[in-house]
Amino acid sequence: MSRLFSFFGLLFLLVGCGEKKSDQQEVSGEVPGSQVGDPLADAADVAFPVLDFESFEPLLHQDDGKTYIINFWATWCKPCLEEMPHFERINAEERENGVEVILVSLDLPNMWKSRLEPYVENKGIQSKVVILDDPKQNQWIPKVSEDWGGGIPATLIYNTDRRSFHERGFTYEQLKTELEAFIN
Amino acid sequence: MKTYIIICLSATMLALGGLLAINVLGDDPAMQGYQIGDRATDFSLRNVDGAMVSLSDYRDAKGFLVIFTCNTCPYAIAYEDRIIALDKKYRPFGVPVIAIQPNSPEAKPGESMEKMRERAAEKNFPFPYLLDEGQKIYPQYGASRTPHVFLLEKTGSGNMVRYIGAIDDNYRDASQVEEKFVEKAVDALLGGRPIELETTKAIGCSIK
(Lines give C-alpha, C1' and ligand atoms only; values in the text may rest on other atoms or scores of the structure.)
Protein backbone atom coordinates (compact mmCIF):
# COMPACT_ATOMS: atom_id res chain seq x y z
CA MET A 1 0.00 0.00 0.00
CA SER A 2 2.72 2.45 0.93
CA ARG A 3 4.46 1.55 -2.30
CA LEU A 4 1.36 2.51 -4.19
CA PHE A 5 1.28 5.81 -2.40
CA SER A 6 4.94 6.42 -3.14
CA PHE A 7 4.36 5.67 -6.78
CA PHE A 8 1.53 8.13 -6.97
CA GLY A 9 3.57 10.58 -4.96
CA LEU A 10 6.34 10.38 -7.51
CA LEU A 11 3.93 10.62 -10.40
CA PHE A 12 2.49 13.69 -8.80
CA LEU A 13 5.92 15.11 -8.35
CA LEU A 14 6.93 14.47 -11.94
CA VAL A 15 3.74 15.97 -13.22
CA GLY A 16 4.21 18.96 -10.95
CA CYS A 17 7.70 19.89 -11.93
CA GLY A 18 6.61 21.79 -15.00
CA GLU A 19 8.19 19.44 -17.51
CA LYS A 20 6.73 18.87 -20.90
CA LYS A 21 4.20 16.11 -21.07
CA SER A 22 6.37 13.88 -23.23
CA ASP A 23 9.18 14.14 -20.69
CA GLN A 24 6.93 13.11 -17.88
CA GLN A 25 5.90 10.01 -19.66
CA GLU A 26 9.44 9.13 -20.58
CA VAL A 27 10.69 9.63 -17.09
CA SER A 28 7.84 8.01 -15.26
CA GLY A 29 8.03 5.10 -17.67
CA GLU A 30 11.62 4.54 -16.64
CA VAL A 31 11.02 4.46 -12.93
CA PRO A 32 10.17 1.05 -11.58
CA GLY A 33 7.76 1.45 -8.71
CA SER A 34 9.93 -0.71 -6.51
CA GLN A 35 12.75 1.84 -6.51
CA VAL A 36 10.64 4.71 -5.40
CA GLY A 37 9.92 3.79 -1.82
CA ASP A 38 13.39 3.88 -0.34
CA PRO A 39 15.05 7.26 -0.72
CA LEU A 40 18.50 5.74 -0.30
CA ALA A 41 18.04 2.64 -2.44
CA ASP A 42 19.97 4.06 -5.38
CA ALA A 43 22.80 5.72 -3.54
CA ALA A 44 25.32 2.94 -4.09
CA ASP A 45 25.72 2.88 -7.86
CA VAL A 46 24.90 6.40 -8.97
CA ALA A 47 27.12 7.72 -11.79
CA PHE A 48 28.31 10.86 -9.98
CA PRO A 49 30.28 11.50 -6.80
CA VAL A 50 27.94 11.82 -3.81
CA LEU A 51 29.47 14.26 -1.34
CA ASP A 52 28.58 15.54 2.08
CA PHE A 53 29.52 19.17 2.65
CA GLU A 54 32.81 18.33 4.31
CA SER A 55 34.04 16.44 1.28
CA PHE A 56 32.46 18.96 -1.09
CA GLU A 57 33.91 22.08 0.52
CA PRO A 58 37.42 21.83 -1.04
CA LEU A 59 35.77 22.33 -4.44
CA LEU A 60 34.88 25.84 -3.26
CA HIS A 61 38.49 26.72 -2.42
CA GLN A 62 40.75 25.40 -5.18
CA ASP A 63 43.74 27.65 -5.54
CA ASP A 64 45.28 26.46 -8.78
CA GLY A 65 45.02 29.49 -11.05
CA LYS A 66 41.78 28.36 -12.65
CA THR A 67 38.43 30.11 -12.45
CA TYR A 68 35.63 27.90 -11.17
CA ILE A 69 31.94 28.32 -11.86
CA ILE A 70 30.01 26.34 -9.25
CA ASN A 71 26.37 26.04 -10.21
CA PHE A 72 23.83 24.70 -7.70
CA TRP A 73 20.85 23.10 -9.42
CA ALA A 74 18.40 20.23 -9.46
CA THR A 75 16.40 18.46 -12.14
CA TRP A 76 13.14 19.64 -10.52
CA CYS A 77 14.21 23.28 -10.77
CA LYS A 78 12.93 24.61 -14.06
CA PRO A 79 14.98 27.85 -14.17
CA CYS A 80 18.07 25.73 -13.45
CA LEU A 81 17.41 23.62 -16.53
CA GLU A 82 16.78 26.75 -18.58
CA GLU A 83 20.21 28.16 -17.82
CA MET A 84 22.04 24.84 -18.12
CA PRO A 85 22.93 25.26 -21.83
CA HIS A 86 24.70 28.55 -21.04
CA PHE A 87 26.91 26.91 -18.44
CA GLU A 88 27.67 24.08 -20.84
CA ARG A 89 28.58 26.57 -23.56
CA ILE A 90 30.82 28.60 -21.26
CA ASN A 91 32.50 25.44 -20.04
CA ALA A 92 33.35 24.47 -23.63
CA GLU A 93 34.28 27.95 -24.86
CA GLU A 94 36.31 29.13 -21.90
CA ARG A 95 38.21 25.97 -21.08
CA GLU A 96 41.35 27.33 -22.72
CA ASN A 97 41.05 30.41 -20.52
CA GLY A 98 41.30 28.19 -17.47
CA VAL A 99 37.59 28.15 -16.65
CA GLU A 100 35.86 25.07 -15.31
CA VAL A 101 32.16 24.60 -14.61
CA ILE A 102 31.09 22.26 -11.81
CA LEU A 103 27.40 21.39 -11.68
CA VAL A 104 26.33 20.63 -8.13
CA SER A 105 23.10 18.66 -8.09
CA LEU A 106 20.84 19.07 -5.07
CA ASP A 107 18.41 16.41 -6.27
CA LEU A 108 16.92 14.21 -3.58
CA PRO A 109 18.38 10.68 -3.40
CA ASN A 110 15.36 9.02 -4.99
CA MET A 111 15.87 11.19 -8.07
CA TRP A 112 19.52 10.39 -8.69
CA LYS A 113 18.90 7.43 -10.93
CA SER A 114 15.37 8.21 -12.03
CA ARG A 115 15.90 11.84 -13.06
CA LEU A 116 19.48 13.07 -12.71
CA GLU A 117 21.30 10.33 -14.60
CA PRO A 118 18.85 10.31 -17.53
CA TYR A 119 18.96 14.11 -17.74
CA VAL A 120 22.75 14.30 -17.85
CA GLU A 121 22.91 11.48 -20.38
CA ASN A 122 20.12 12.71 -22.64
CA LYS A 123 21.44 16.26 -22.72
CA GLY A 124 25.01 15.10 -23.21
CA ILE A 125 26.21 17.27 -20.31
CA GLN A 126 29.99 17.69 -20.50
CA SER A 127 30.62 19.73 -17.34
CA LYS A 128 31.62 17.90 -14.21
CA VAL A 129 28.59 16.83 -12.16
CA VAL A 130 28.70 16.12 -8.43
CA ILE A 131 25.86 15.46 -6.01
CA LEU A 132 25.82 17.43 -2.77
CA ASP A 133 23.86 15.34 -0.31
CA ASP A 134 23.96 16.88 3.13
CA PRO A 135 20.76 17.53 5.07
CA LYS A 136 22.41 20.02 7.43
CA GLN A 137 21.61 22.87 5.09
CA ASN A 138 21.43 25.52 7.77
CA GLN A 139 25.06 24.78 8.55
CA TRP A 140 26.47 24.57 5.05
CA ILE A 141 24.49 27.16 3.09
CA PRO A 142 26.25 30.10 4.82
CA LYS A 143 29.62 28.42 4.16
CA VAL A 144 28.95 28.61 0.42
CA SER A 145 27.94 32.26 0.80
CA GLU A 146 26.53 34.38 3.59
CA ASP A 147 24.35 35.97 0.93
CA TRP A 148 22.60 32.74 -0.01
CA GLY A 149 19.01 32.45 1.17
CA GLY A 150 18.73 28.87 -0.09
CA GLY A 151 17.02 29.34 -3.44
CA ILE A 152 18.29 27.73 -6.61
CA PRO A 153 19.57 28.33 -9.19
CA ALA A 154 22.56 29.74 -7.39
CA THR A 155 26.07 30.21 -8.74
CA LEU A 156 29.45 30.86 -7.16
CA ILE A 157 32.28 32.09 -9.38
CA TYR A 158 35.77 32.24 -7.92
CA ASN A 159 39.46 32.14 -8.51
CA THR A 160 42.46 33.05 -6.40
CA ASP A 161 41.72 36.79 -6.58
CA ARG A 162 37.97 37.14 -6.74
CA ARG A 163 34.74 35.60 -5.60
CA SER A 164 31.12 36.40 -6.44
CA PHE A 165 27.86 34.69 -5.55
CA HIS A 166 24.53 34.97 -7.34
CA GLU A 167 21.18 33.62 -6.18
CA ARG A 168 19.50 33.91 -9.57
CA GLY A 169 19.46 32.51 -13.08
CA PHE A 170 21.86 33.60 -15.83
CA THR A 171 21.52 34.28 -19.52
CA TYR A 172 24.56 33.43 -21.61
CA GLU A 173 25.45 37.11 -21.95
CA GLN A 174 25.15 37.75 -18.22
CA LEU A 175 27.34 34.79 -17.41
CA LYS A 176 29.90 35.83 -19.98
CA THR A 177 29.96 39.40 -18.62
CA GLU A 178 30.29 38.22 -15.04
CA LEU A 179 33.10 35.90 -16.03
CA GLU A 180 35.05 38.62 -17.79
CA ALA A 181 35.90 40.25 -14.49
CA PHE A 182 37.61 37.02 -13.50
CA ILE A 183 39.61 36.10 -16.60
CA ASN A 184 40.74 39.53 -17.82
CA MET B 1 4.46 76.64 -25.43
CA LYS B 2 6.16 73.79 -27.24
CA THR B 3 9.09 73.90 -24.85
CA TYR B 4 6.73 73.93 -21.92
CA ILE B 5 5.00 70.79 -23.17
CA ILE B 6 8.32 69.08 -23.70
CA ILE B 7 9.48 70.01 -20.20
CA CYS B 8 6.18 68.83 -18.78
CA LEU B 9 6.38 65.57 -20.65
CA SER B 10 9.98 65.02 -19.61
CA ALA B 11 9.14 65.72 -15.99
CA THR B 12 6.21 63.35 -16.12
CA MET B 13 8.31 60.65 -17.68
CA LEU B 14 11.04 61.13 -15.11
CA ALA B 15 8.50 60.92 -12.34
CA LEU B 16 6.98 57.81 -13.86
CA GLY B 17 10.42 56.31 -14.30
CA GLY B 18 11.15 56.98 -10.65
CA LEU B 19 7.90 55.37 -9.61
CA LEU B 20 8.63 52.38 -11.78
CA ALA B 21 12.09 51.98 -10.32
CA ILE B 22 10.71 52.09 -6.79
CA ASN B 23 8.07 49.61 -7.73
CA VAL B 24 10.61 47.21 -9.20
CA LEU B 25 12.69 47.37 -6.05
CA GLY B 26 9.61 46.98 -3.93
CA ASP B 27 8.51 43.91 -5.81
CA ASP B 28 11.78 42.10 -5.47
CA PRO B 29 11.40 39.77 -2.50
CA ALA B 30 15.17 39.57 -2.11
CA MET B 31 15.27 43.29 -1.47
CA GLN B 32 13.09 43.30 1.61
CA GLY B 33 10.91 41.10 3.72
CA TYR B 34 10.48 40.75 7.43
CA GLN B 35 13.22 40.62 9.99
CA ILE B 36 12.82 39.14 13.45
CA GLY B 37 10.72 41.52 15.56
CA ASP B 38 8.87 43.09 12.63
CA ARG B 39 5.10 43.29 12.64
CA ALA B 40 3.65 40.96 10.00
CA THR B 41 0.77 42.03 7.84
CA ASP B 42 -2.59 40.33 8.03
CA PHE B 43 -4.24 39.23 4.80
CA SER B 44 -7.49 37.99 3.41
CA LEU B 45 -6.80 35.06 1.10
CA ARG B 46 -9.03 32.39 -0.35
CA ASN B 47 -8.86 28.94 1.19
CA VAL B 48 -9.30 25.69 -0.72
CA ASP B 49 -12.81 25.47 0.75
CA GLY B 50 -13.74 28.78 -0.88
CA ALA B 51 -13.82 30.85 2.32
CA MET B 52 -11.62 33.89 2.87
CA VAL B 53 -9.17 33.51 5.76
CA SER B 54 -7.42 36.20 7.81
CA LEU B 55 -5.23 36.01 10.88
CA SER B 56 -7.75 38.24 12.63
CA ASP B 57 -10.34 35.43 12.33
CA TYR B 58 -8.40 33.56 15.00
CA ARG B 59 -9.49 35.46 18.07
CA ASP B 60 -8.01 33.05 20.60
CA ALA B 61 -4.72 32.39 18.84
CA LYS B 62 -1.47 33.05 20.66
CA GLY B 63 0.45 33.00 17.41
CA PHE B 64 0.64 31.52 13.96
CA LEU B 65 2.83 29.29 11.89
CA VAL B 66 2.51 30.98 8.52
CA ILE B 67 4.09 28.48 6.12
CA PHE B 68 4.65 29.24 2.46
CA THR B 69 4.41 25.91 0.70
CA CYS B 70 3.10 24.51 -2.55
CA ASN B 71 1.89 21.49 -4.48
CA THR B 72 4.82 20.65 -6.68
CA CYS B 73 8.11 21.40 -4.97
CA PRO B 74 9.86 18.19 -3.87
CA TYR B 75 10.96 19.84 -0.63
CA ALA B 76 7.46 21.06 0.09
CA ILE B 77 6.11 17.57 -0.54
CA ALA B 78 8.78 16.06 1.68
CA TYR B 79 7.57 18.32 4.48
CA GLU B 80 3.79 17.93 4.05
CA ASP B 81 3.38 15.33 6.77
CA ARG B 82 5.55 17.32 9.13
CA ILE B 83 3.47 20.46 8.49
CA ILE B 84 0.32 18.48 9.31
CA ALA B 85 2.01 17.24 12.49
CA LEU B 86 2.94 20.80 13.49
CA ASP B 87 -0.66 21.90 13.15
CA LYS B 88 -1.95 18.96 15.17
CA LYS B 89 0.61 19.56 17.87
CA TYR B 90 0.35 23.33 18.23
CA ARG B 91 -3.18 24.29 17.22
CA PRO B 92 -4.49 23.09 20.60
CA PHE B 93 -1.97 25.46 22.21
CA GLY B 94 -3.20 28.37 20.12
CA VAL B 95 -0.57 28.34 17.39
CA PRO B 96 -2.24 27.00 14.23
CA VAL B 97 -0.62 26.46 10.86
CA ILE B 98 -1.74 28.80 8.08
CA ALA B 99 -0.37 27.49 4.77
CA ILE B 100 -0.04 29.89 1.85
CA GLN B 101 0.70 28.83 -1.73
CA PRO B 102 2.66 31.78 -3.17
CA ASN B 103 3.36 30.62 -6.74
CA SER B 104 1.45 32.11 -9.63
CA PRO B 105 -0.88 29.53 -11.18
CA GLU B 106 -0.27 31.26 -14.52
CA ALA B 107 3.46 30.58 -14.25
CA LYS B 108 2.97 27.14 -12.72
CA PRO B 109 -0.27 25.39 -13.70
CA GLY B 110 0.39 22.71 -11.06
CA GLU B 111 -0.21 25.40 -8.43
CA SER B 112 -3.76 26.36 -9.39
CA MET B 113 -6.52 26.58 -6.80
CA GLU B 114 -8.02 23.43 -8.27
CA LYS B 115 -4.75 21.50 -7.82
CA MET B 116 -4.39 22.94 -4.32
CA ARG B 117 -7.87 21.68 -3.53
CA GLU B 118 -6.98 18.22 -4.81
CA ARG B 119 -3.77 18.12 -2.80
CA ALA B 120 -5.46 19.36 0.37
CA ALA B 121 -8.11 16.65 -0.01
CA GLU B 122 -5.59 13.88 -0.73
CA LYS B 123 -3.51 14.77 2.30
CA ASN B 124 -6.47 15.79 4.41
CA PHE B 125 -4.84 19.07 5.41
CA PRO B 126 -6.21 20.07 8.81
CA PHE B 127 -5.11 23.67 8.24
CA PRO B 128 -6.19 26.35 5.76
CA TYR B 129 -4.34 26.21 2.46
CA LEU B 130 -4.58 29.67 0.92
CA LEU B 131 -3.70 30.97 -2.52
CA ASP B 132 -1.68 34.20 -2.54
CA GLU B 133 -3.72 35.50 -5.42
CA GLY B 134 -1.94 38.33 -7.21
CA GLN B 135 1.19 37.46 -5.16
CA LYS B 136 0.78 40.42 -2.82
CA ILE B 137 1.58 38.72 0.47
CA TYR B 138 4.71 36.59 0.05
CA PRO B 139 6.91 39.53 -1.05
CA GLN B 140 5.91 41.45 2.07
CA TYR B 141 6.91 38.53 4.25
CA GLY B 142 10.06 38.04 2.21
CA ALA B 143 9.34 34.39 1.56
CA SER B 144 11.82 33.29 -1.09
CA ARG B 145 11.24 29.56 -1.38
CA THR B 146 8.96 26.74 -0.38
CA PRO B 147 8.68 25.60 2.30
CA HIS B 148 9.44 28.78 4.24
CA VAL B 149 8.16 29.22 7.80
CA PHE B 150 7.28 32.44 9.64
CA LEU B 151 6.37 32.05 13.30
CA LEU B 152 4.29 34.98 14.48
CA GLU B 153 3.44 35.92 18.04
CA LYS B 154 0.13 37.65 18.56
CA THR B 155 0.62 40.68 20.78
CA GLY B 156 -1.30 43.77 21.68
CA SER B 157 0.49 45.64 18.93
CA GLY B 158 0.10 43.07 16.18
CA ASN B 159 1.52 39.78 14.96
CA MET B 160 5.25 39.95 15.54
CA VAL B 161 7.75 37.84 13.59
CA ARG B 162 9.66 35.53 15.97
CA TYR B 163 11.23 32.89 13.73
CA ILE B 164 11.98 32.66 9.99
CA GLY B 165 13.32 29.62 8.21
CA ALA B 166 13.21 25.88 7.88
CA ILE B 167 11.08 23.35 9.74
CA ASP B 168 13.95 21.14 10.84
CA ASP B 169 17.44 20.07 9.86
CA ASN B 170 16.70 17.07 7.66
CA TYR B 171 14.49 17.53 4.62
CA ARG B 172 14.90 14.05 3.32
CA ASP B 173 14.21 11.90 6.33
CA ALA B 174 12.01 12.94 9.23
CA SER B 175 13.37 10.10 11.34
CA GLN B 176 16.92 11.46 11.04
CA VAL B 177 16.08 14.96 12.25
CA GLU B 178 18.41 16.15 14.98
CA GLU B 179 17.07 19.63 15.50
CA LYS B 180 13.42 20.63 15.16
CA PHE B 181 13.89 24.36 14.57
CA VAL B 182 10.21 25.28 14.44
CA GLU B 183 9.15 23.16 17.40
CA LYS B 184 11.94 24.61 19.52
CA ALA B 185 10.86 28.11 18.54
CA VAL B 186 7.16 27.51 19.27
CA ASP B 187 7.96 25.76 22.57
CA ALA B 188 10.07 28.72 23.61
CA LEU B 189 7.34 31.15 22.59
CA LEU B 190 4.67 29.26 24.52
CA GLY B 191 6.98 28.88 27.50
CA GLY B 192 7.81 32.58 27.54
CA ARG B 193 11.48 31.87 26.89
CA PRO B 194 13.72 33.55 24.32
CA ILE B 195 13.97 31.72 21.00
CA GLU B 196 17.57 30.56 20.63
CA LEU B 197 17.70 30.09 16.87
CA GLU B 198 15.59 32.79 15.23
CA THR B 199 16.53 32.24 11.61
CA THR B 200 17.68 29.22 9.63
CA LYS B 201 18.45 28.59 5.99
CA ALA B 202 17.43 25.75 3.75
CA ILE B 203 17.32 24.81 0.10
CA GLY B 204 13.87 25.19 -1.36
CA CYS B 205 12.04 25.84 -4.58
CA SER B 206 12.16 29.45 -5.70
CA ILE B 207 8.75 31.08 -5.75
CA LYS B 208 7.58 32.06 -9.20
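**Labels and their grounds**

Analyst: B:Asn124 counts as exposed, with 7 C-beta neighbours inside 10 Å. The model is a predicted one.

User: What makes 7 C-beta neighbours inside 10 Å enough to call B:Asn124 exposed?

Analyst: The label exposed applies at 12 or fewer. B:Asn124 has 7, so it counts as exposed. This residue lies in the loop between α3 (113-123) and β6 (129-131) of chain B. Its phi is positive, about 55 degrees, although B:Asn124 is not a glycine.

User: Why is B:Gln135 called partly exposed?

Analyst: B:Gln135 has 16 C-beta neighbours inside 10 Å. Exposed requires 12 or fewer and buried requires 20 or more. The value of 16 falls in between, so B:Gln135 counts as partly exposed. B:Gln135 is placed in the loop between β6 and α4 (137-141) of chain B, and has a positive phi of about 55 degrees without being a glycine.

User: What makes β5(A) and β10 of chain B a pair?

Analyst: β5(A) and β10 (residues 204-206) of chain B share 2 bridges. The requirement is at least two, so they pair, here in the parallel sense. The bridge partner of A:Gly151 in β10(B) is B:Gly204.

User: In the open sheet of 3 strands, what is the order, and why do β5 of chain A and β7 of chain B stand at the edges?

Analyst: The order is β5(A)-β10(B)-β7(B), with mixed pairing. β5 of chain A and β7 of chain B each have a single partner strand, so one side of each is left without a neighbour in the sheet.

User: How does the span of helix α5 of chain A compare with the expected one?

Analyst: α5 (residues 78-93) has 16 residues and reaches 24 Å from its first C-alpha to its last. At 1.5 Å a residue 22 Å is expected, and the span is close to that. α5(A) bends by about 35 degrees at A:Met84, and A:Pro85 follows within four residues. Among its buried residues are A:Met84 and A:Phe87. The buried residues of α5(A) pack against β2 (67-73), β3 (99-105), β5 and α8 (172-183) of chain A.

User: Which residues touch the most other members of the largest nonpolar core?

Analyst: They are B:Leu65, B:Leu151 and B:Val182, in a core of 91 residues. Helix α2 (residues 74-90) of chain B gives the most to this core, with 8 residues. Leaving aside neighbours within four places in sequence, the contacts of B:Leu151 include B:Leu65, B:Tyr163 and B:Val182.

Key: Residues numbered from 1 in each chain as written. Chains lettered and ligands numbered in written order. Predicted model: local features only at pLDDT ≥ 70, side-chain atom pairs only at ≥ 80, totals over all residues. Core = buried A, V, L, I, M, F, W, Y, C linked by C-beta atoms within 7 Å. Contact = placed C-beta atoms within 7 Å. Expected span 1.5 Å × (residues − 1). Bend = angle between axes of the 7 residues up to and from the residue.
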